[in-house]
Amino acid sequence: MSHLFSTLTLRSVTLRNRIAMSPMCMYSAADDGLATDWHLAHYVSHATGGVGLIITEATAVHVHGRISANDLGLWQDAQIDPLARIVRLCQAQGAVMCTQLAHAGRKAWSAHKGTGAATPVAPSALPFDADWVTPHALTLAEIDEVVLAFRAAAQRAIAVGFDAIEVHSAHGYLSHSF
């Protein structure tokens, strides 16, 4: 018999079923990284539909670490309340809520191949590909600042009320680049 609809407990978190919604880049946040009514409808509809675990899209820990200009963010306190409303409503429908914290690194603002509000950053000054912007190689002090940005975003995610936090470390983004 399938276990798809049976509960699953992972440490202190119990999922009502084993249906999980993977993080998907939706590019629908306001320019300041704030969640919008679009996010409310998107996530709450999945929770209402019975999804056991919802992982939000890549949520930027720094304004210049976004994949696009319209990524969700948790780099400032103003981003907490709009996400908290969504998380509370999804949890009320029985979903476990997780956020995926991310920094795009050398692929930041990639709609224009690394061209965005600031020069992308990476462990080295190597572009993602031949026609991409050359990133700034992070100094040790700047790496510490990125670590603190992840920490601050995680603290904001706790204030939002997320049940879990995932650190995005794939696809050539900053954490993956190390």
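A polar contact is a pair of N or O atoms within 3.5 Å, and within protein one of the two must be able to donate a hydrogen and the other to accept it. The legends below describe close-up views of a predicted model.

**View 1. Arg-16 and its polar contacts with backbone oxygens.** A polar atom of the Arg-16 side chain lies 2.6 Å from the backbone oxygen of Ala-47, and a polar atom of that side chain lies 3.4 Å from the backbone oxygen of Gly-94. Arg-16 has its place in the loop between strand S2 and strand S3 (20-21), where it counts as partly exposed, with a relative accessibility of 28%. When residues up to four places away in sequence are not counted, Arg-16 touches Phe-5, Ser-6, Thr-7, Ala-47, Gly-50, Val-51, Gly-52, Gln-93, Gly-94 and Ala-95. Between Arg-16 and Leu-34 there is a separation of 18 residues in sequence, and their C-alpha atoms are 29 Å apart in space.

**View 2. The packing of helix H1 against helix H2.** Two packed helices are described by the angle between their axes and by the distance between those axes. Helix H1 (residues 37-48) packs with H2 at an angle of about 15 degrees, and the two axes are 9 Å apart. Because angles under 35 degrees count as roughly parallel, H1 is described as roughly parallel to H2, and the crossing of these helices is right-handed. On the H1 side the contact is made by Asp-37, His-39, Leu-40, Tyr-43, Val-44 and Ala-47, while H2 contributes Arg-85, Ile-86, Leu-89 and Cys-90. Divided by class, the residues of this contact are 7 nonpolar, 1 polar and 2 charged.

**View 3. The packing of helix H2 against helix H3.** Helix H2 (residues 80-92) also packs with helix H3 (residues 140-160), here at an angle of about 45 degrees and with the axes 8 Å apart. That angle makes H2 oblique to H3, and the crossing of H2 and H3 is right-handed. In this view Ile-80, Leu-83, Ala-84 and Val-87 of H2 meet Arg-156, Ala-159 and Val-160 of H3. The contact of H2 with H3 has 6 nonpolar residues, no polar residues and 1 charged residue.

**View 4. Gln-100, a buried residue in strand S6.** Gln-100 is found in strand S6, which covers residues 96-102. Its relative accessible area is 6%, so Gln-100 is buried. The side chain of Gln-100 reaches the backbone nitrogen of Ala-58 at 3.4 Å. With its neighbours within four places in sequence left aside, Gln-100 is in contact with Pro-23, Ile-55, Thr-56, Glu-57, Ala-58, Thr-59, Glu-166 and His-168.

**View 5. Arg-11 and its positive phi.** Most residues other than glycine have a negative phi. Arg-11, although it is not a glycine, has a positive phi of about 55 degrees. The residue lies in the loop between strand S1 (8-10) and strand S2 (13-15), and with a relative accessibility of 86% Arg-11 counts as exposed.

**View 6. His-171 and its positive phi.** His-171 is not a glycine, yet it has a positive phi of about 60 degrees. This residue belongs to the loop between strand S9 (164-167) and helix H4 (174-177). The relative accessible area of His-171 is 53%, and the residue is therefore exposed.

Conventions. Residues are numbered from 1 along each chain as its sequence is written. This is a predicted model: local features need pLDDT of at least 70, side-chain atom pairs count only at pLDDT 80 or more; totals for chains, interfaces and linings use all residues. Side-chain values use heavy atoms; hydrogens and water are left out. Axes are lines fitted to C-alpha atoms, for helices over the stretch in contact, and angles run from 0 to 180 degrees between N-to-C directions. Helices (H or I, at least four residues) and strands (E, at least two) are DSSP runs, numbered from the N terminus. Angles under 35 degrees count as roughly parallel, over 145 as roughly antiparallel, 65 to 115 as roughly perpendicular and the rest as oblique. A crossing is left-handed if the near helix is turned anticlockwise from the far one by less than a right angle, and right-handed if clockwise. Contact means heavy atoms within 4.5 Å. Ala, Val, Leu, Ile, Met, Phe, Trp, Tyr, Cys and Pro count as nonpolar, Asp, Glu, Lys and Arg as charged, and the others, Gly among them, as polar. Buried means under 20% relative accessible area, exposed over 50%, partly exposed in between (1.4 Å probe, protein chains only).
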